[in-house]
Amino acid sequence: MTHTEQQSNSSEIRFGVNADYLIINGLVVTMDAEYRIIENGAIAINDGEIVELGYTSDLIEVYKARHLIDAKGKLVIPGLINTHTHSPMTIFRGYADDLQLREWLFDHIFPVEAQFVNSENVRTGTRLAIAEMLLGGTTTFNDMYFYADEMAKVVDQVGMRAILTESLIDFSAPNNPTPEHAMRTSEALIAKWAGHPLITIGVSAHAPYTTSAKVIKGGKELADKNGVPFNIHVAETKGEVEFTQKEFGLSPVEYLESLGVLGSNVIAAHCVHLSPTDIDIFAKRNVGVAHNPQCNMKLASGVAPVPAFLQAGVKVGIGTDGVASNNNLDLFDEIRSAAFIHKLHNDDPTVLDARSAFEMATIGSARVLGMEHLIGSIEAGKRADIVIVDLDQPHAHPVYNIYSLIVYSMRGSDVETVLVDGRLMVYKRKLVSLDLGRLYQKVDSLARRIAESSKILAYSNNRIRKI
Ligand SMILES: [Zn+2]
C-alpha cells in the first residue's frame, strides 16, 4: 500500500470522491443481518467510518483514496471483539497453571498481584496484551482490572477500542485500599475519559463471592447514572453457587436479580452454572454473557449452557478472560474451542455451527457490549474496525465454506492487516505503533523479577535462568 501502488491504480479512478482508505478485491464477510459475503468486495473508509461497501469494479470507479489496500486472495472480516479479559495479566502468563481455581486465585494470583501490580507494570502488561490482540485480529476489548487510567493511557497511545474498568472488590486492591475508593476512582475516570472516540470507562464488581451487595448495587447505580457498561463474574464455579445458596438461599443470578442489578448494560462473565430459571431471568433482563470456554476448560470450571442461552435469546459474546487462565488472547483459537466444547458437551456435532461461533466473536460480542450500532459487522455507517486475513497458506485451502474456514482452520497468526476506527494498526503482520523488541525486553526483565520473588524458573530470551 505505497503511494506508488496507489498511483498505478489511479488511472482507474475517474471521479473524485475522497476516502482515506479503499480496500479492494477482498472476500468480504460482512456479518450483517443477511450474512452477506461479497466476492471481489471493496470497502471505502473515510474519517474512521465505513462510507460504502460494494464490488471492487463499482467502488474503484468512484473513490479517490489516499491509500489503496489490495486484498486479493484475502479474507476481509469485522474486527474481533473480546468481551472479557484482564489485559495487564499478560505479565503473569504461565505463572501458575494446573491448579484448582480457588488455590490458583487466592494462593498464587492475588498474592503476586499484591506485590507486582503497579502503574508501570499495568502499562507494560496492557501494551503486551494490545500487541497480541491486534496481531491476532482483535480490535475491541472489555477489561476489568486495576489502574484503569494507566490502561486507558496505553490504549489511547496505541489506538485500540476498549471498555476499561476498575474492579470493585472487598479486598484492598493495589491502587484502591477500599471498594469505596475504587468507586470514586471509577467515577473520576468516567468523567476524565468521557467523549474519547475509542475508550469507554465502565464499572466492574468482581463477583458475588468477593464483593458485598452494597458495593455491587453502588457499582451498578454508578454505571446506570453514566450510561456505561457494568461487568461482573457470575456463576463461574459450583463453589460460587454453593456460596450464594448457603448465604442467601439463592443462585448467583437470583441473588443479583434480588439486588435489582440486572439489566441490558450488564456483562456477565462465565455464567457456567446457570439453571433454566437463571437463563429466563437473563433473557428477561437482557443481560449479556461473556463466554470464556478456554478459561473454563483450563480451570475445569464447567461448560456454560451457551446453546440454551442462544435459544432463549440471551446475548452471547466471546472472551478469553485473563491470560493467566487461558494462556493467550487469540480469539480465533477461542471460537474454535467454543464450537468444539459445546458439540462434545451436548453429544451433538450440530450444536453451535461455525457461523454461530463466528457471530459470537463479532456482532454477538458487539451486542453484549452495547456497541452493535458501531462495530461487529462491515456495514456502511459503522466504524472501520476491519481485519484482513491471509489465505495464501496450506491450511486455508481448499475453501468450501467460509465460516468453516474461519472457525475451524484459521488462527490469529494468519491476520495480516488490521484497521481500528479507520487507522492502520497492523500492516503485513507488523504493528504500526508498537516496538515489540523493546516491549519484550521490558516484559522479560519484569518476569525475571517476579520469578525471583517466587523462586520459580523464568525462561527469557531463549536462555534458561535458574533461580
Ligand atoms: Zn475474569
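His86 is buried, with a relative accessible area of 8%, where buried means under 20% relative accessible area, exposed over 50% and partly exposed in between, for a 1.4 Å probe and protein chains only. Asp321 is likewise buried, at a relative accessible area of 5%. The model is a predicted one, in which local features need pLDDT of at least 70 and side-chain atom pairs count only at pLDDT 80 or more, while totals for chains, interfaces and linings use all residues. Residues are numbered from 1 along each chain as its sequence is written, and side-chain values use heavy atoms, with hydrogens and water left out.

Both residues belong to the zinc site, whose protein donors are His84 (NE2), His86 (NE2), His233 (NE2) and Asp321 (OD), lying 2.1 to 2.3 Å from the ion. Donors are N, O and S atoms within 2.8 Å of the metal (3.2 Å for Na, K and Ca), and sites may look incomplete because water is not among the atoms. Along the chain the zinc donors follow the spacing H-x1-H-x146-H-x87-D. Helices (H or I, at least four residues) and strands (E, at least two) are DSSP runs, numbered from the N terminus.

Why is the arrangement around the zinc ion irregular? The 4 donor atoms subtend angles of 78 to 172°, and therefore the arrangement is irregular. Four donors count as tetrahedral if all angles lie between 85 and 135 degrees; four count as square planar and six as octahedral if opposite donors are over 155 degrees apart and all others between 65 and 115, and anything else is irregular.

A cavity is a set of points, on a 1 Å grid over the protein atoms alone, where a 1.4 Å probe fits but cannot get out, and lining residues have an atom within 4 Å of a point. About 250 Å³ of space lies in this largest cavity, a volume being the space filled by probe spheres set on the points, which are joined across faces, edges and corners. Helix 3 supplies the largest share of the lining, 6 residues.

Notes: On a 1 Å grid over the protein atoms alone, a cavity is a set of points where a 1.4 Å probe fits but cannot get out, and a pocket is an open set with protein on both sides within 12 Å along at least five of seven lines; lining residues have an atom within 4 Å of a point.
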